[in-house]
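This report describes one protein chain, with its sequence and structure displayed below. Please keep both in view while reading.

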Amino acid sequence: MLTDDGFLDRVNARGDQLRAGLEQIVADHGLSAEVRGPGLMVGLELGDPAVSKGTGLAFAAGLLGLDVSRVVAFGDGENDLELLEAAGFGIAIETSEPSVLAVADATCQGPEAEGVAAVIEAALDALDSTA
């Protein structure tokens, strides 16, 4: 069956139908969503358009009595745009989406190089040297 002529075309066509159906449901209910992936490998992220990682950061900072302008945030995907914009300093993983790189104040290496940990360690080392 996997070797049938046109099998992958049929799978991808079915995925396109699924994607279109999901996009319509999302639109009908006024949700924010990202539908992605080839063929039947469809990923779907749903959310309230009024809520983002940025609004979550502002809410959490308020509860903790923190000034959001003094918060550093890391992100790599489209769903991190508002987070990086809301934070005082936004750092994108170097392999991030171009739109994420565009709003970031700086970049760091990815998970394979433990880039986030390296930034945090450098910041802690800098604090230690001033103490």
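## The parallel sheet

In this predicted model, β3 and β4 pair in the parallel sense over 4 bridges; strands count as paired if DSSP finds at least two bridges between them. Helices (H or I, at least four residues) and strands (E, at least two) are DSSP runs, numbered from the N terminus. Strands of a sheet pair through backbone hydrogen bonds, either parallel or antiparallel.

Together, 3 strands form an open sheet with parallel pairing, in the order β3-β4-β5. Because β3 and β5 stand at the edges, each with a single partner strand, one side of each is left without a neighbour in the sheet. On average, neighbouring strands of this sheet are turned by 30° against each other, direction ignored; the axes are lines fitted to C-alpha atoms, for helices over the stretch in contact, and angles run from 0 to 180 degrees between N-to-C directions. Strand β4 is mostly covered, with 4 of its 5 residues buried. Buried means under 20% relative accessible area, exposed over 50%, and partly exposed in between (1.4 Å probe, protein chains only).

## The chain and the basis of the values

The chain contains 5 helices and 5 strands. Along the sequence, their pattern is α-β-β-α-β-α-β-α-β-α. Of the 131 residues in the chain, 21% are buried.

Residues are numbered from 1 along each chain as its sequence is written, and side-chain values use heavy atoms, with hydrogens and water left out. As the model is predicted, local features need pLDDT of at least 70 and side-chain atom pairs count only at pLDDT 80 or more, while totals for chains, interfaces and linings use all residues.

## Loops after the strands

Asp-80 is placed in the loop between β3 and α3 (81-86). At 4% relative accessibility, Asp-80 counts as buried. A polar atom of its side chain lies 2.9 Å from the backbone nitrogen of Asp-76.

Ser-96 belongs to the loop between β4 and α4 (98-103), and is buried with a relative accessible area of 7%. The C-alpha atoms of Ser-96 and Gly-77 are separated by 6.1 Å, although these residues are 19 residues apart along the chain.

Glu-114 lies in the loop between β5 (106-108) and α5 (115-130). Glu-114 is exposed, with a relative accessible area of 56%. Its phi is positive, about 55°, although Glu-114 is not a glycine.

## The second largest pocket

The second largest pocket has a volume of about 230 Å³. On a 1 Å grid over the protein atoms alone, a pocket is an open set of points with protein on both sides within 12 Å along at least five of seven lines, and lining residues have an atom within 4 Å of a point. Grid points are joined across faces, edges and corners, and the volume is the space filled by probe spheres set on the points.

The lining consists of Val-72, Phe-74, Val-119, Ile-120, Ala-122, Ala-123 and Leu-127. The elements giving two or more residues to this lining are β3 (72-75) and α5. The largest share, 5 residues, comes from α5. By class, the lining has 7 nonpolar, no polar and no charged residues; Ala, Val, Leu, Ile, Met, Phe, Trp, Tyr, Cys and Pro count as nonpolar, Asp, Glu, Lys and Arg as charged, and the others, Gly among them, as polar.

Key
On a 1 Å grid over the protein atoms alone, a cavity is a set of points where a 1.4 Å probe fits but cannot get out, and a pocket is an open set with protein on both sides within 12 Å along at least five of seven lines; lining residues have an atom within 4 Å of a point. A polar contact is a pair of N or O atoms within 3.5 Å; within protein, one must be able to donate a hydrogen and the other to accept it, and residues adjacent in sequence count only if both atoms are side-chain atoms.
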